[in-house]
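Please read them with the sequence and the 3D view side by side.

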Amino acid sequence: DAALPSGCLLMPDAHAYRAVFNTAKSGRSCEIGHGPGSGAAPAVALEGRASVGGLVNVTLAHDGAEARLSLSGPADVWFGVGFAASAMAERPYAIIVDGSGGVAERRLENHGP
C-alpha cells in the first residue's frame, strides 16, 4: 500500500493492533507530529502484553516517537512470534529468537524454508 510507510508497521484495528509488512515503495515517512497530507504517520501511543502458549511473552510499547517490542521465552531452544495470522499459510511477519541470543525478522511462507 503506497499510502502507508514502507517496512514493518503496527496498525490500530478496532481494539487491537496488527503488524503489517508493507513491501510497496512509498514516500510516506513514520515521522510523528505532522497533520494530514504531510506524508507522516499519525501519532498513536500504545502498550500491550500477551502470553503465547504460556512459554513466550510479548510486550509492545509505543510513546508516539519510539516503539519497543520485547520477546521472552525459553533460554535453551528457539521460539518465534508471528503477527496478524493464525497459520503459516497466511504468510505472517515473524520474529525468531534462535536460543543462542540471535534474532531474525522473517516473512513466513506456507511450507516454505
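**Notes on the model**

1. In strand β8, Ala104 is the bridge partner of Ile96. Strand β7 covers residues 93-97 and is joined to β8 by five bridges, the two strands running antiparallel. Strands here are DSSP runs of E with at least two residues, numbered from the N terminus, and two strands are said to pair if DSSP finds at least two bridges between them.

2. The model is a predicted one, in which local features need pLDDT of at least 70 and side-chain atom pairs count only at pLDDT 80 or more, while totals for chains, interfaces and linings use all residues. Residues are numbered from 1 along each chain as its sequence is written, and side-chain values use heavy atoms, with hydrogens and water left out.

3. The pairing of β7 and β8 belongs to an open sheet of three strands, ordered β6-β7-β8, in which the pairing is antiparallel. Its edge strands, each pairing on one side only, are β6 (79-83) and β8 (103-107). From one strand to the next the twist averages 20 degrees, with axes taken as lines fitted to C-alpha atoms and angles running from 0 to 180 degrees between N-to-C directions.

4. Which residues make up the largest nonpolar core? There are nine of them, namely Ala19, Val56, Val58, Phe79, Val81, Phe83, Tyr93, Ile95 and Val97, and β4 (56-62), β6 and β7 each supply at least two. Such a core is a set of buried Ala, Val, Leu, Ile, Met, Phe, Trp, Tyr and Cys residues joined through side-chain atoms within 4.5 Å; buried means under 20% relative accessible area, exposed over 50%, and partly exposed in between, with a 1.4 Å probe and protein chains only.

5. Val56, a member of that core, has contacts (heavy atoms within 4.5 Å) with Ala50, Ser51, Ser72, Gly73, Pro74, Phe79 and Val81, leaving aside its neighbours within four places in sequence.

6. Ala84, although not a glycine, has a positive phi of about 60 degrees, and its relative accessibility is 53%, so it counts as exposed. Arg91, also a residue other than glycine, has a positive phi near 55 degrees, but it counts as partly exposed because its relative accessibility is 37%.

7. Gly112 lies in the segment after β8 and, at 28% relative accessibility, counts as partly exposed.

Technical notes: Helices (H or I, at least four residues) and strands (E, at least two) are DSSP runs, numbered from the N terminus.
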